[in-house]
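Good morning, colleagues. Please look at the model on the screen while I go through its contacts and its helix packing.

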Amino acid sequence: MKTGMIDTSRIEAMMAQLKAAATRPEGVDTTLAAGKGVGKVDFADALKTSLDQVNNVQQQSEQLGQRFAAGDDKVNLSDVMISMQKANISFQATIQVRNKLISAYHEIMNMQI
């Protein structure tokens with residue numbers, strides 16, 4: 001099903017990748033999994049954790065770019081470009097998930113009872 005948007009299986013795969021990436025970096029809030037059972041993840045908490053992760057990736061990318069622009073010898077251009085691309089990809093995936101949620105909401109609202 002190609003309607004100019006990413007299909008459901010690809011969005012689910014992206015969400016799984018985002019969740020896996022959320023467990024890797026330091027400073028990520030891990031209270032989501034610690035306080036609840038494996039099968040009892042609240043949707044709002046999972047969404048907030050994913051959005052926080054995207055925000056963290058974007059902030060780290062911006063800081064890395066600022067350090068490179070300031071002339072920090074420890075930061076090279078390839079690291080900055082890779083960081084910016086990761087931030088862009090995570091943001092685009094978030095937009096696609098948002099679009100899919102809005103589409104599902106409209107579909108539910110248009111159902112006849």
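This is a predicted model: local features need pLDDT of at least 70, side-chain atom pairs count only at pLDDT 80 or more; totals for chains, interfaces and linings use all residues.

Of the contacts in the protein with a separation of 6 or more, 53% are between residues 24 or more positions apart; contact here means heavy atoms within 4.5 Å. Residues are numbered from 1 along each chain as its sequence is written, and side-chain values use heavy atoms, with hydrogens and water left out.

The protein has four helices and zero strands, where helices (H or I, at least four residues) and strands (E, at least two) are DSSP runs numbered from the N terminus. Of its 113 residues, 23% count as buried, that is, under 20% relative accessible area with a 1.4 Å probe, protein chains only.

Let me turn to one helix pair. The axes of α3 (residues 43–69) and α4 (residues 77–109) come within 9 Å and cross at roughly 155°; these axes are lines fitted to C-alpha atoms over the stretch in contact, and angles run from 0 to 180 degrees between N-to-C directions. Helix α3 is therefore roughly antiparallel to α4, a term for angles over 145 degrees.

Which residues in α3 meet α4? Among them are F43, L51, V54, V57, L64 and F68, and the α4 side includes L77, V80, M84, F91 and L101.

Finally, Q66 is found in helix α3. The C-alpha atoms of Q66 and V80, 14 residues apart along the chain, are separated by 9.3 Å.

Conventions: Buried means under 20% relative accessible area, exposed over 50%, partly exposed in between (1.4 Å probe, protein chains only). Angles under 35 degrees count as roughly parallel, over 145 as roughly antiparallel, 65 to 115 as roughly perpendicular and the rest as oblique.
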